[in-house]
Amino acid sequence: MTGQLPILTIAPLLFGAFAVTAGRFLFRRANYAVASLALAASFAASVLLAIQILTHGPAIYFVGGWPPPVGISYVADPLSALMLAFVSGAALCTFLASKSEIETSYPLKNSAFYALFLLAVAGHMGIVVTGDAFNLYVLIEVAALSGYAILAQGRERAMLSSLNYLFVGSLGASLYLLGVGYLYIMTGSLNMADLSAIIGRLTPDGLSGSTALAAAWGVILAGLFVKMGLFPFHSWLPAAYSFSAAPAAALVAPLTTKVMAYVLVRMILSVFTPDAAWGVPAINTLILVLATAAILYGSFCALAQRSLRKMLCFILLSEVGYMVGGAFLGNRAGLTGTIYHIFADLLMTLCLFLVAANIERGTGGRFSDMGGLFRRMPVTAAALVLGAASMIGVPPFCGFFSKWYLLSGAIAAESYAFAGALVISSLVNAVLFFRIFEIGFFGAPPDHTGQADQAEPAGESGHGHPGPIPFFRDEMPPARLAPLCLVAASLVVMGLLTGQIVRLVVDPILPPGLG
Amino acid sequence: MHELLAEFGNKFHYYGYFAIMMIGLYAMIAKTNLLKKCIGLGIFQTAIMLFYVSIGAKEGAGIPILDPAVGTADPAAYANPLPHVLMLTAIVVSVATLGVALALVQNIHRDHGTLEEDEILQRLRGK
Amino acid sequence: MILEIKIAMLVLVIVCAVASITIKDLLGAAVVFGTYSFMMCLLWVSMAAVDVAFTEATIGAGISTVLMIAAVFRTTRRTKD
Amino acid sequence: MKRLALFTVILAGVLFAATASEFPRLGDPDSAPSRHLSPAYIQGSLPQTHTPNFVTAVLGDYRGFDTMFETAVVFLAGMSCFFILRALRRRGLTEVYYYRHKPTGVVLAMLAPRRISPRTSCFERIDADWTPQDMVVETMCLFMVPFIQVFALYVIAHGHYSPGGGFQGGVLLAASFILVGLSRDLRTVESLLTEKTAILTAAAGVCLYAGTGLLALFFGGNFLDYGAYASFFGAAVPAARSMGILIVEIGVALTVMATLVTIYKLVSSRGTVEEGL
Amino acid sequence: MDATVIASAVATLPSFGSVAPFLAVMAPLCAIPGMVLAGAADSPNRREAWTFLAAVTSFLLVVTMLPAVLAGNRVEYVVAHVLPGAPLAFAVDGPGLLFALVASFLWIVTSIYSVGYMRGLSEHAQTRYFAFFAVSVSAALGVALAANLFTLYLFYEILSLATYPLVTHHQDAEGRSSGRRYLAYILGGSIALALPAMIAVYDLSGTLAFTPGGVLPPGLGSLAVGCLLFAFVFGFAKAAVMPMHAWLPAAMVAPTPVSALLHAVAVVKVGVFSVYRAVTGILGTGYLSSLNLGDILVWVCVFTMIAASVVALTQDGLKRRLAYSTIGQLAYVVLGVALLVPRGDTGGLLHIAMHACGKITLFFCAGAIFVATGEKYVSRMGGLGRRMPFTFAAFAVGALSIIGVPLTAGFVSKWQILLAAAETSRYGVVAALCVSSLLSAAYFLPVVIRAFFGQAPDDPALVGHKTRRDKKIPAAGMREAPLWCVVPPVVTALLVLALFWWPDVLLRLAGAQP
Amino acid sequence: MDHVFLYSAVFISLLMLVSLYRTAAGPTTLDRLMGANAMGTKTTVLILFLGTAFGRLEMFVDIALAYAMLNFISVLAASRYVLKRGLADRP
Amino acid sequence: MDIVMYVLLGLGLLFFTGGTLGLIRLPDVYSRLHMAGKIDTMGSISLIAALFLHEIETFDMAHLLVGLKILLVLFFQFLASPTACHAMVNACLRAGLAPWVKDGQRSDP
């Protein structure tokens, strides 16, 4: 059965989704268990697949038994296998961490939410592992459509934001589809490996030899940029993620942009070769400028925000700039940085969005509500510190290493503006998070006055500290904290495993001659 | 000039599709009414489908269903079925998207009483 | 000969598209959008894509226009543009 | 804003048009798509899958995985609409139900919790903005409904040999229900295909598709490899594939029908499934 | 992972001796759960027992490495191959061990002192305090034992973050602004300057391991190397070379043991040690001297030295005066390194140790005074020496050491630096060193003299001055601080005296030619 | 022979262009609806005629049949709208 | 047979032309509906009938089946088109659209 692992990563999610839907009428109480079981099964299969791929080398799975150019194939190489494990793990963590949140956010519609959630995860995982350009489009739509729906529930503006997201997302997906059409009209194939071979034959000396192929690349890029919210196409992203209910944002926000960046990398590596993809200097320069602008824009807009989740959304924008910029530095280090950052950023944003969900529940998401956070929610706050340190780029957290590779790529490519933007963004991140820490460390909770008289005598210390708020006063139950702690710890673990990840995952899929 | 015309004659359909695509895009960018945006999205997606299906067209070829009278399958005699399959999928996806969009539009109208995006934003800002 | 029909259909499609986004009445726009999909169906028939045409015929005539009209029914048909 | 949009759009259009120079002309039989992959499908379809309609063969078998996710998208759209729109809790509004006394035409308005049993024959529930159904329209529509449904079944079953298949048949089925809704009212549709049945049917349809795929694993094939069923059906591999395509088409049709009816019900009644268009 | 890889991995498994650096770094961290649990169980004695246990273990582990290093070996241990050419690894050589010895020993003393100070003042959040203290020491040890610049940077950043809750321990408005300034300088410097410089070096040479003579490829222009030097010296803002010094006085709001740790042991020494490592191990003295880049750095240091001393003269707050003194003294270390001769390095490294012992004494005394009397200002310390003789005696010894008077440890290191300056014929520097010593005498000796021979302030407003602890300065009689607060400064003062006589081990570690 | 149908098809498509005027410009919604209906009717015929042009009429009949069955649903829906809400722009 | 077919074809096209002209030229909804409903239906039926005749010219099972389907198309067109027209008129009337009267005079109903 090990040969069937690629499909077994996705099948549980599909069947889980249908079972949960039917379960609405048949076994309502067990629905949550069924959904988490499906996620866990998928995660287990992904991990097994990753282990298998890392030990035995890449595998190609023929769906329907048809060999690749004719049928659709699943390509499980080290990169996609690891990405699968990350995506399913992230989804599992989110799901486990937000049980109570889901039940209160979507009363009476739990099972619909579970089904949408599972299908969204299935879509994202499919995107990661598919080897067919058109299948990718369908999966993008699966992932996106469920995203639109689950992001629509929330505060007053959520609906409008979600509709905007739908418009922009469909536009991006359609642009991608158009780009695939360009490729198809020039090559007659849809399979990525096949496409790569034919493109190599058609334009032996880079994409600039063919207007149509260069245009295909441009259109696909435009579509992906729209989907991942790169700077000029970003306006939907903060709105969509910050107004929705917390579990939806915690699922969609970490996954979508990262998976799209993954698609970008996939496109560079498996459809166009890196040489071809970087072959049009004008496009490279333009994209680097956009990425730099995205980093700066995201960082400085984040400075202006007054609530945690909104701030995270803008940080997300600048992280998108990291990934896109790194992919177009045109050297090995930059691409390594992008790939590594996809994983690292997935963990970081997951951690921070889970923290944001907890904080919103416990104290309220606005900065002004977070006084005394370190006493009221120590575990959550600790996770926040870890996530923040990683975002700032403190070693040994994983955020440091992606920044390391990106910076060294930028320096090697002599793209000093991008390097400068990276450094500035790190500094701004430090400011952003330490602002929160200060509030949490020094500030008093808004309702502190009511607590003051019953607290222990304040004269003990005599210093101006915010006084005795009981420890753990607003902390979440352990069921929500355990996944969060796991994710936060994984930031360090991943940082320490950087060498292995680069050696086992990134190096094998980069072409050997890449400078 | 003549060559240009010939070129145009050979490629006119592409220009037509791009024109339709741009009409849809214009509606999505410039129109403030949400349903109009939905329509624009539909137009945009349809243009891409047209583009695909035209790839499958083949001179002197019939519909991509085996003619029992002929019996053998000569690739030149049948249109390319692959784009048709792809676009079947795309049509379904676009209908699905339309359904979700309409659901969202209805809820927005229920909450705000209007479908004009600028008015809704104004209301939200006013609060 | 089919080429002429194709051209005519393409023109029809473009006109329908322009009309459906310019009409200042959502019900009318929905109806014209339905017409747009009829034309699209014809275009596909002329390109030998029968299955696609079939789908578009059923969808355009049977579902999407009705959905549009239902949505307009439940919201408003007024629009500024 | 509009000027800017127009400018952007024209610019983009010109850019796109400029990229068309390398494209093959319309219907070029020597273009790459016509030469590279499609011959494999055209020549392989009948011997490999016993399906003269290449589109159905590619849709159901060669690229069956796409179609599975396409079905999933339809299902997803239904669930999304349900999730977004369905009003499960009364929003504090006092609902009024209107009942018409059939013999006299007198209309009673009743406040929400109270209602007249639907079994009573002399009262019928009517919409708030009720307009009497036109006899001609109603009769004609109801007359056409069975024809449409029979035709839909034909389309599903005959998809191997002529245009059509699960999706088109499903849409036709859904259209027949919508026709009922338009000529009578939404409650009739609801009684014919309740929400519960519809959602279960939709899920069952996709399950049928995905399950067919998954079951192939136990027969030693890959996912969606209907050829693995050859021993099960006691037929040759191509015939088994043909059967497999039929099964998944049925799944698609079920899902599409149920989902589209659900969406229509939700959209036309703003999520209450009480009073429709 | 095939069998041969595993076999070779097993073969290269480290013996205990080489694990020692890793264990030394981990020991304080391992004690933290114990501390936190004990703190949660409201049992301060158990908590402090954990602290002492960790401190002593750590110190002993460092000491075990001493014979090997003195024998001229390097103790190496690789934790994780994180980046190619820059693993997370420890390598212990003389200078590193010197710093590690100082840090781990002084942690023991500081722990004793902390107990007295924190309990004496009934500070809040003591568990947090001890836990982050342990993290800081661990990070400082990590910096000391790091095998390459990457590892060093890692622990440097951990130290930056771990000291933040210590600096802002009081959680008041003052702490908030100081914490802000502290982080702005330290994090800003390391992220904006040191990190890019490090990556540039990595990009140029492919490795970050500390190599005698540097790792840079030959043929770089003086502008490039100058930029790197500049980035390292100012990027490691903990070294407090002007103008990156402003965080240091601001951080004085911290509790005194923290200041002691910050100024004497961990933070600032980590800064100068990082600069030392960057200059000698990465950029290479040969490179710098061939491009004449040392001169610039020397003059920057001289300026810092003099300017800081002058500013210290004007400060009335004892801790602030000490802080500016620290800035000046740190410049000695950087100066020693910047002279780019072996003797300069020796002097600088020795000065790390000597100044640490001296300055920690002074801070302990300042804290003891504050615990006993609540007094922070020099101008109001008249006559205090008679009430607190032990404390002020220790203070005097520490002050003399900082000034560099013979018979105290400070003389040894200053002498080396002086010799090095003379060796390189920089007589201006020699003069500046002398001036600086005089200036430090000028700002320290009055404190001592006033304390022993001055009059208690007779202004009734001053006598009855209400401190924040609401304690009045007692009128007469010997009133020392609690024993926990007095023993440590006395111990370190004795150490200061002892190190003048027996500096051999330190000298050898610092690389002095016998 | 088939050419006759093709010429008729071209002619019909020209007629459609004309009736598009009513659809696009019709003053009331019902005018548009009427135009749409007229075009739908012509579409059914056109599909059949194009089928003869491809020589595979049997494949196109199904489409035309579906069209004939479904074409009036949208008209019905729109007229239901008008029935319930009136022609004027009344919410 | 051919002649009947051509006649039907011509008739159908004629009806279509007339219907379209009427659609464009006539002054109000009711009169336009008149044209669209009757003439267009007639036109399409004639054309489909012509096609039917053409199809069953070669008389065998397959063609007969197709012819039958064409007849079905005709049948449903014949049902659907007038129904649609009826629905429209109905809607018009109930919506209260007044019929057009020459010279703007309004005759009371």
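User: How many of the 18 residues of α7(D) are buried?

Analyst: In this predicted model, local features need pLDDT of at least 70, side-chain atom pairs count only at pLDDT 80 or more, and totals for chains, interfaces and linings use all residues. Residues are numbered from 1 along each chain as its sequence is written, chains are lettered from A and ligands numbered from 1 in the order in which they are written, and side-chain values use heavy atoms, with hydrogens and water left out. Buried stands for under 20% relative accessible area, exposed for over 50% and partly exposed for what lies in between, with a 1.4 Å probe and protein chains only; helices (H or I, at least four residues) and strands (E, at least two) are DSSP runs numbered from the N terminus. Helix α7(D) is largely enclosed by the rest of the structure, because its buried residues number 18 of 18.

User: What distance separates the end C-alpha atoms of helix α7 of chain D?

Analyst: The helix covers residues 166–183 of chain D, and the expected span of a helix is 1.5 Å times one less than its number of residues. For the 18 residues of α7 that expectation is 26 Å, and the model agrees with it, since the end C-alpha atoms are separated by 26 Å.

User: Which two chains share the most contacts?

Analyst: Contact is taken as heavy atoms within 4.5 Å, and 11 pairs of chains are in contact. Chains C and G are not among them, as they do not touch and their nearest C-alpha atoms are 13 Å apart.

User: What area is buried between chain G and chain D?

Analyst: Chain G brings 10 residues to the contact and chain D brings 9 residues. Within chain G, 45% of what that side buries falls on Phe76(G), Thr83(G) and His86(G), which lose the most area to chain D. Carbon and sulfur atoms give 76% of the total, which is about 850 Å².

User: Is Asn191(A) buried or exposed?

Analyst: Asn191(A) sits in the loop between α8 (158–187) and α9 (192–202) of chain A. Leaving out residues up to four places away in sequence, Asn191(A) touches Pro68(A), Pro69(A), Ser73(A), Gly131(A) and Asp132(A). With a relative accessible area of 3%, Asn191(A) is buried.

User: Which elements give two or more residues to the lining of the largest cavity?

Analyst: A cavity is a set of points on a 1 Å grid over the protein atoms alone where a 1.4 Å probe fits but cannot get out, and lining residues have an atom within 4 Å of a point. The whole structure holds 15 cavities of 30 Å³ or more, and about 250 Å³ of space lies in the largest. Of its 18 lining residues, those closest to the centre are Gly42(B), Thr46(B), Ser94(B), Val95(B) and Phe33(C). The elements asked for are α2 (34–56) and α3 (81–112) of chain B, with α2 (26–46) and α3 (50–74) of chain C.

Methods: On a 1 Å grid over the protein atoms alone, a cavity is a set of points where a 1.4 Å probe fits but cannot get out, and a pocket is an open set with protein on both sides within 12 Å along at least five of seven lines; lining residues have an atom within 4 Å of a point. Grid points are joined across faces, edges and corners, and a volume is the space filled by probe spheres set on the points. Buried area is the accessible area (1.4 Å probe) that two parts lose on being put together, summed over both.
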